[in-house]
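Reader: I am new to this structure. Please show it to me, and then let us work through it in short questions and answers.

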Amino acid sequence: MFPSATAITQALHAEGFLQDGEVIAVEEGETFQAFATAVYRCRLRYRSETAQRLPETMICKIYGPEWYQRGGLQEVLAYRRITPALRLSIAPTLYGLIDDPAAETCVLLIEDLATCFQPVTSPMADAWLDLLVDTLADFHAQWWEAPMLDTAAFLQPEDTVMRMAQAIPLQGLRANTASARNAVSRFREAFGSELSEGEAQLLARLDARWAAHFIERTVDHRGLTLLHGDFHLLGNVFIARQPNAVSPIKVIDWGQVKRGLGPHDLMFALLSVDAADRRSRDLASLRRYHERLLARGVQRYGWDQCLWDYRFSLLTNVYQSIFQESLRWFRRTLDVVALWEAQELLDGSAETI
């Protein structure tokens, strides 16, 4: 499935790169884990007379039939319709695309960030955290209640472990909820004997009440935006090695883009890194995020609603650990749910205004 030098040459030509010359050899390098069939760093050798300079390495991301519908189509959508329109240059460059819908396979040739960027490390410096929050708010503000989010590409139920953050029409939400209930049953079968009484009770309340609250919050499409969907700080967010870089933050893995509640992305980022005083740090970041949204023109989105969306997103994220059958991440998420007393939202109304 790894592309040949000829196929890569054709893909680079099609994207407007490598106008003259060709790739004469490609070598597979380091591999990475991702929601895809395979991800490699590949080293390219070009015909010596090639005039246009292209990087010696690229990231080759391959989606086979098992992943094409569950990530490949969304990442192609992101690089075709979303990242070219971004006001912020936060996505890596797409150098080439080999897409075969009939075979349900695609290969993306993506900028290798290793030379000029490095993954976020923990603990994250306050200045970088503030910049990340601002970047995320700017991204969400651009797509806030955007008409494109009402097109078919964003209205179909996903088949991924992160599907529950999707804000889609009622029929799709019911399909996701049915999948979630099956996943909860499997989770109970796998770990029921290990769950504490409190964990079992929270799981039962979530199973019984989450869907009604999410539907009530999202059914009128109010206050929805485009989510990156996998905005974690364990390898998906990179910061520039040089302090004065034009684009100081880059974000990879665009295969989970979806319509949803903006604070979900922020919650997912902050959940992935611990802090000595997590609630204080997260609350300060959420307030900064909300203020930045308003400064960027978002209207009719009050602080109480933003706070509710953040807390409820913690509950939504519990489902990811359930789909993954990860007791470790289930408990880690529940610890933060308890910190924010988010379980109380399952008893009240989703509306705060």
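Predicted model: local features only at pLDDT ≥ 70, side-chain atom pairs only at ≥ 80, totals over all residues.

Reader: Which element gives the largest share of the lining of the largest cavity?

Author: The largest cavity has a volume of about 80 Å³. Its lining includes Val161, Met162, Thr316, Asn317, Tyr319 and Gln320. By type, the lining divides into five nonpolar, five polar and one charged. The largest share, four residues, comes from α8.

Reader: How many charged residues are in the lining of the second largest cavity?

Author: The second largest cavity holds about 50 Å³ of space. Ala34, Phe35, Lys61, Tyr63, Glu75, Asp230, Asp253, Gly255 and Gln256 line it. Three of these residues are nonpolar and two are polar. The charged ones number four.

Reader: Now the open spaces. Which residues lie closest to the centre of the largest pocket?

Author: The largest pocket has a volume of about 880 Å³. Its lining divides into 18 nonpolar, eleven polar and eight charged residues. Elements that each supply at least two lining residues include β2 (38–46), β3 (57–63), α6 (263–271) and α9 (327–339). Of the 37 lining residues, the closest to the centre are Gln33, His232, Gly235, Asn236 and Asp253.

Reader: What supplies the largest share of the lining of the second largest pocket?

Author: About 240 Å³ of space lies in the second largest pocket. Its lining has 20 residues, with Gln69, Gln74, Ala153, Gln156 and Glu158 nearest the centre. Two or more residues come from each of α2 and β10 (258–260). The largest share, six residues, comes from α2.

Reader: Let us turn to the fold. How many helices and strands does the protein have?

Author: The C-alpha atoms fill a box of roughly 70 × 45 × 40 Å along the principal axes. Within the protein, the helices number nine and the strands ten.

Reader: Why does a radius of gyration of 21 Å agree with a compact globule?

Author: The protein has 353 residues, so a compact globule would have a radius of gyration near 20 Å. The value for the protein agrees with that: 21 Å.

Reader: Which residue in β2 is the bridge partner of Thr31?

Author: β1 and β2 pair over seven bridges, in the antiparallel sense. For Thr31, the bridge partner in β2 is Tyr40.

Reader: Which residue in the turn between β4 and β5 has a positive phi?

Author: Strand β4 (residues 94–100) pairs with β5 over six antiparallel bridges. One of the bridge pairs joins Gly96 to Leu109 in β5. The two strands form a hairpin with four residues between them. In the turn, the residue with a positive phi, about 55°, is Glu104.

Reader: Which strands form the open sheet of three?

Author: Here the pairing is antiparallel. The edge strands are β6 (117–119) and β9 (249–251), and each pairs on one side only. The twist averages 30° from one strand to the next. In order, the strands are β6-β8-β9.

Reader: Which strands of that sheet does helix α3 touch?

Author: α3 (residues 126–142) packs on the sheet. Its direction makes about 55° with that of β9. The strands touched are β8 and β9.

Methods: Residues numbered from 1 in each chain as written. Heavy atoms only, no water. Pairing = 2+ DSSP bridges. Axes fitted to C-alpha atoms, helices over the stretch in contact; angles between N-to-C directions. Contact = heavy atoms within 4.5 Å. 1 Å grid on protein atoms, 1.4 Å probe; cavity = no way out; pocket = protein on both sides within 12 Å on 5 of 7 lines; lining within 4 Å. Points joined across faces, edges and corners; volume = space filled by probe spheres on them. Nonpolar A, V, L, I, M, F, W, Y, C, P; charged D, E, K, R; others polar. Rg over C-alpha atoms; globule rule 2.2 N^0.38 Å.
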